[in-house]
Amino acid sequence: MEILIVDNPSKLANYAATFIAARVNQAERLVLGLATGSTPVNTYRELSALYRSGKLDFSKVVSINLDEYVGLSAEDKQSYRQFMNENLFNHVNINLANTHIFNGKAEDFAQECARYDSLIVEKGGIDLQLLGIGMNGHIGFNEPDDYFSMTSHVVDLSTETILSNAPYFESVDQMPKQALTMGIGQIFKAKTILLLATGESKSAVITSALLGPVTPRCPASILQLHQDVTILLDCEAARGILGAKGVYYKEIH
Ligand code: GLP
């Protein structure tokens with residue numbers, strides 16, 4: 001696990017975009033796992049800027065998003081499909097037919113999850129997975145649980161997640177209480193993982209995920225066992241690990 005610490009969120013976005021762009025440009029074809037949430041927004045902005053300046057080409061990228069809210073259609077303003085369109089897809093030369101997100105309005109969610117599982121396999125697995133982290137250690141929408149889920153599934157969102165994400169909706173009642181998410185097993189199978197975290201509010205969860213026990217009670221802790229994971233933090237999110245014993249990190253100024 002490589003832990004990199006940068007000074008602030010804008011440097012983090014810059015570094016993350018350069019990291020992703022290098023992989024995209026090197027590959028003949030890249031399956032990119034994408035995340036939503038506020039953390040990657042600036043990274044997506046930087047990626048769009050790299051595309052505009054001719055330094056990045058998304059034409060050979062296939063994207064697969066981590067999750068979607070149950071009950072929201074692709075047209076719904078709060079859906080993760082709209083989030084991706086607005087923050088990235090509308091600004092770069094990715095072929096929309098190559099962008100994949102769960103259908104939050106599927107009639108049969110078991111079937112939708114099976115479709116997603118087959119899609120990931122059919123695309124040859126995820127080459128690079130971008131992740132944020134929830135306040136309770138969730139990745140995708142894999143909430144703390146008694147076990148690590150292997151495949152796509154419907155999840156009941158925890159109260160903590162509902163409260164953190166409710167501000168994106170007009171009221172807490174409008175926020176879906178369930179989501180569709182890729183399983184931890186599928187995330188873990190990604191060849192390379194890049195996890196981003198910024199701000200002091202993430203410092204406690206980052207400390208438990210990176211230094212605590214590997215447990216499904218903190219889903220992101222599984223990343224400690226992955227062979228190619230980069231954890232990119234700003235100073236605030238890294239506060240709990242700075243100077244901690246037995247942890248190796250690099251500071252980039
Ligand atoms: C959301 C998403 C996650 C994301 C997390 C953190 O609920 N499902 O993929 O990583 O919450 O969000 P933020 O970056 O806004 O803190």
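**Pocket, strand and rings**

Reader: How much space lies in the largest pocket?
Author: A pocket is an open set of points on a 1 Å grid over the protein atoms, with protein on both sides within 12 Å along at least five of seven lines. Its volume is the space filled by 1.4 Å probe spheres set on the points. For the largest pocket, this comes to about 640 Å³.

Reader: Which residues are the closest to the centre of the largest pocket?
Author: The lining, meaning residues with an atom within 4 Å of a point, has 34 members. Strand β4 (67-69) and the helices α3 (80-87) and α5 (159-165) each give two or more residues to it. The closest to the centre are T36, G37, S38, N165 and Y168.

Author: The model is predicted, with local features needing pLDDT of at least 70 and side-chain atom pairs 80 or more, while totals for chains, interfaces and linings use all residues. Residues are numbered from 1 along each chain, and side-chain values use heavy atoms, without hydrogens or water.

Reader: Are the residues of strand β2 buried or exposed?
Author: Strand β2 covers residues 30-34. L30, L32 and L34 lie on one side, with V31 and G33 on the other, and both faces are covered. With buried set at under 20% relative accessible area and exposed at over 50%, five of the five residues of β2 are buried.

Reader: Which residue in β3 stands opposite L30?
Author: Two strands pair if they share at least two bridges. β2 pairs with β6 (residues 128-131) in the parallel sense over two bridges, and L32 stands opposite L128 there. β2 also pairs with β3 (residues 61-65) in the parallel sense, over five bridges. In β3, the residue opposite L30 is V61.

Reader: Why is the pair of Y69 and F169 called edge-to-face?
Author: Aromatic rings pair if their centres lie within 6.5 Å; planes under 30 degrees apart count as stacked, over 60 as edge-to-face and the rest as tilted. Y69 and F169 have their ring centres 5.4 Å apart. The pair is edge-to-face because the angle between the planes is 80°.

Reader: How many residues apart in sequence are the parts that the pair of Y69 and F169 ties together?
Author: Y69 is buried at 2% relative accessibility, and F169 is buried at 8%. Y69 lies in strand β4, and F169 in the loop between α5 and β8 (178-181). The pair therefore ties together parts whose separation in sequence is 100 residues.

Reader: What is the distance between the ring centres of F102 and Y116?
Author: This aromatic pair is stacked, with 20° between the planes. F102 is buried at 3%, and Y116 at 0%. Centre to centre, the distance is 3.6 Å.

Methods: Helices (H or I, at least four residues) and strands (E, at least two) are DSSP runs, numbered from the N terminus. Buried means under 20% relative accessible area, exposed over 50%, partly exposed in between (1.4 Å probe, protein chains only). Rings of Phe, Tyr and Trp (its six-membered ring) pair if their centres lie within 6.5 Å; planes under 30 degrees apart count as stacked, over 60 as edge-to-face and the rest as tilted.
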